[in-house]
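This briefing concerns one protein chain. Please have its sequence and coordinates at hand while reading.

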Amino acid sequence: QRTRSALAMPVIKNQQCLAVLYLENNSTPGAFNRQRLEILHLLSSQIAISLENALLYDEMEARIQDRTVQLQ
């Protein structure tokens, strides 16, 4: 199917781009209007928080593994 609407939007936290949100809509031209962009902007804040938490969790797991190896 042909893409009729596309959106690429940065996911920003603390003035740093963490990711790019890319969406396509194959059925409606102009699907990403101002109202939907506002909602996506709010959701992107939650995405940024989730990404940051996932990175912190990975870092914590790596530190725990390193410390476990040191203690053995």
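Which residues does leucine 7 touch, not counting residues up to four places away in sequence? Leucine 7 touches Leu21, Tyr22, Leu23, Phe32, Leu37 and Leu40, where contact means heavy atoms within 4.5 Å.

The model is predicted, so local features need pLDDT of at least 70 and side-chain atom pairs count only at pLDDT 80 or more, whereas totals for chains, interfaces and linings use all residues. Residues are numbered from 1 along each chain as its sequence is written, and side-chain values use heavy atoms, with hydrogens and water left out.

**Overall architecture**

- The chain has 1 helix and 2 strands, and from the N terminus on these elements run β-β-α. Helices (H or I, at least four residues) and strands (E, at least two) are DSSP runs, numbered from the N terminus.
- With a radius of gyration of 18 Å, well over the 11 Å that the globule rule gives for 72 residues, the chain is more spread out than a compact globule. The radius is taken over C-alpha atoms, and the globule rule is 2.2 Å times the number of residues to the power 0.38.
- Taken along the principal axes, the box filled by the C-alpha atoms is roughly 60 × 30 × 15 Å.
- Of the contacts in the chain with a separation of 6 or more, 44% are between residues 24 or more positions apart.

**Burial and surface**

- Among the 72 residues, 12% count as buried. Buried means under 20% relative accessible area, exposed over 50%, and partly exposed in between (1.4 Å probe, protein chains only).

**Nonpolar core**

- The largest nonpolar core holds 6 residues: Leu7, Met9, Val11, Leu21, Leu40 and Ala48. Strand E1 (5–13) and helix H1 (34–71) are the elements that give two or more residues to this core, and E1 supplies the largest share, 3 residues.
- Such a core is a set of buried Ala, Val, Leu, Ile, Met, Phe, Trp, Tyr and Cys residues joined through side-chain atoms within 4.5 Å.
- In soluble globular proteins, nonpolar side chains tend to be buried together.

**Salt bridges**

- A search of the whole structure finds 2 salt bridges, each being a side-chain nitrogen of Lys or Arg within 4 Å of a carboxyl oxygen of Asp or Glu.
- One of them joins the side chains of lysine 13 and glutamate 52 (2.7 Å, N to O). Lysine 13 lies in strand E1 and glutamate 52 in helix H1, so this pair ties together parts that are 39 residues apart in sequence. Lysine 13 is partly exposed at 23% relative accessible area, and glutamate 52 is partly exposed at 29%.
- In the other, the side chains of arginine 63 and glutamate 59 meet (3.0 Å, N to O). These residues are 4 apart in helix H1, which means that about one helical turn separates them. Arginine 63 is exposed at 56% relative accessible area, while glutamate 59 is partly exposed at 40%.
- Side chains of opposite charge can pair when their charged atoms come close.

**Serine 5**

- Serine 5 lies in strand E1 and is buried, with 6% relative accessibility.
- A polar atom of the serine 5 side chain lies 2.9 Å from the backbone nitrogen of glycine 30.
- Leaving out residues up to four places away in sequence, serine 5 touches Leu23, Glu24, Asn25, Thr28, Pro29, Gly30, Ala31 and Phe32.

**Loop between E1 and E2**

- Asparagine 14 is found in the loop between E1 and strand E2 (16–25). Although asparagine 14 is not a glycine, it has a positive phi of about 55 degrees; its relative accessible area of 65% makes it exposed.
- Glutamine 15 lies in the loop between E1 and E2. Its phi is positive, about 60 degrees, although it is not a glycine, and glutamine 15 counts as exposed at 82% relative accessibility.

**Histidine 41**

- Histidine 41 is placed in helix H1 and is partly exposed, with a relative accessible area of 49%.
- Between histidine 41 and isoleucine 12 the C-alpha to C-alpha distance is 9.6 Å, and the two are 29 residues apart in sequence.

Conventions: Polar contact = N/O pair within 3.5 Å; in protein donor to acceptor, adjacent residues only side chain to side chain.
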